[in-house]
Amino acid sequence: LSHRFPKVPNLGDLTKINPKDLDPDIVVAGFPCTTVSAVGKQKGTDDDRWVSDEIISLIDGLENRPTKVIFENVVQLLSNKKGETVRPLFRALAELGFSLKWGVVQARDAKAPHRRSRVFVIATNTDDSELQRHGKHSVLECPTAEESRQRMAEILATSFNSTSLDRTHNFNFGKFEQAIRQWELELRHPAPVPIVNNRLNEYFSEWMMGIPGWVTGSVEDQKARFRLTGNAVVPHQALIALAALD
């Protein structure tokens, strides 16, 4: 955050933030997917990392309701414990005055060469007076949405490997060649070699997520690169979800 968006303040621990100090228009929130993921123990609300209650408390403590609240998580969020895990979260948002829409979007819906199914939830404030409010602004100095979009566009447009779509390797992608080529054209970036020294190349993982250079350009540690890339969201996938649900 400090590297890519230095003007954005890092407020630190969610549980130690005073909501009275904030006045957000949109809250984008989430919690570790391992609480419900198929590769985890699927303990849901019984997992200490389940922080949806803290997120709801923060929203409830705001002097002004945000116009929207946006959640993203693995698709198992909807099915964990036969829906008993997500139901209290949806109910709490509804009780705070939000109408909800949710749906599942796959990364391949955005032409990425992998599935990566994710559920997106958009909760919209139903109070017209709140939606139209232009009252007090946050005391925090943040870049405008347009500045943020422009900054991300500049970063994603910066080639990290080649100025053309000609690869610097001849790796055989086999039956995935067409899908890889399609993603190359979408990103305007050639696919990095996927395997280096018999190990997965972190540059390839990052490229698969649609964010070439985003993590590797600012993080030195290889394990951290894989962790951050694995926890990321394919931006193109999120755009489809927001356009469909908003």
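**Sheet, cores and aromatic pairs in a predicted model**

The side chain of D23 makes a polar contact with that of N64 at 3.4 Å, a polar contact being a pair of N or O atoms within 3.5 Å in which, within protein, one atom must be able to donate a hydrogen and the other to accept it, residues adjacent in sequence counting only if both atoms are side-chain atoms. The model is predicted, so that local features need pLDDT of at least 70 and side-chain atom pairs count only at pLDDT 80 or more, whereas totals for chains, interfaces and linings use all residues. Residues are numbered from 1 along each chain as its sequence is written, and side-chain values use heavy atoms, with hydrogens and water left out. D23 is located in the segment before strand 1; helices (H or I, at least four residues) and strands (E, at least two) are DSSP runs numbered from the N terminus. With a relative accessibility of 9%, D23 counts as buried (buried, under 20% relative accessible area; exposed, over 50%; partly exposed, in between; 1.4 Å probe, protein chains only).

An open sheet of mixed pairing is formed by four strands in the order 1-2-4-3, where two strands pair if DSSP finds at least two bridges between them. Strand 1 (26–29) and strand 3 (98–105) are at the edges, each with a single partner strand, so one side of each lacks a neighbour in the sheet. On average, and with direction ignored, neighbouring strands are turned by 15 degrees against each other; axes are lines fitted to C-alpha atoms, for helices over the stretch in contact, and angles run from 0 to 180 degrees between N-to-C directions. Strand 2 (residues 68–74) and strand 4 (residues 118–125) run antiparallel and are joined by seven bridges. In this arrangement F71 stands opposite V121 of strand 4. Helix 2 (residues 87–95) packs on the sheet and touches strand 2, strand 3 and strand 4, its direction making about 145 degrees with that of strand 3.

The C-alpha atoms of F71 and G30 are separated by 5.5 Å, although the two residues are 41 residues apart along the chain. G30 belongs to the loop between strand 1 and helix 1 and, at 33% relative accessibility, counts as partly exposed. Beyond its neighbours within four places in sequence, G30 is in contact (heavy atoms within 4.5 Å) with V51, I55, F71 and E72.

The largest nonpolar core comprises 22 residues, of which F31, I59, V69, F71, L77, L89 and L93 touch the most other members; such a core is a set of buried Ala, Val, Leu, Ile, Met, Phe, Trp, Tyr and Cys residues joined through side-chain atoms within 4.5 Å. Two or more residues each are contributed by strand 1, helix 1 (52–61), strand 2, helix 2 and strand 4. Helix 2 provides the largest share, four residues. Apart from its neighbours within four places in sequence, L93 is in contact with I56, V69, F71, F98, L100 and A123. A second, separate core of 19 residues includes F173, W207, I211 and V219.

Five aromatic pairs are found in the whole structure; rings of Phe, Tyr and Trp (its six-membered ring) pair if their centres lie within 6.5 Å, with planes under 30 degrees apart counted as stacked, over 60 as edge-to-face and the rest as tilted. The ring centres of F171 and F173 are 5.0 Å apart and the planes stand at 65 degrees, so this pair is edge-to-face. F171 is partly exposed at 32% relative accessibility, whereas F173 is buried, with a relative accessible area of 8%. F204 and W207 form a stacked pair, with 5.8 Å centre to centre and 25 degrees between the planes. These two residues, F204 and W207, are both buried and, being three residues apart in helix 6 (residues 202–208), are separated by about one helical turn. F171, F173, F204 and W207 form one aromatic cluster.
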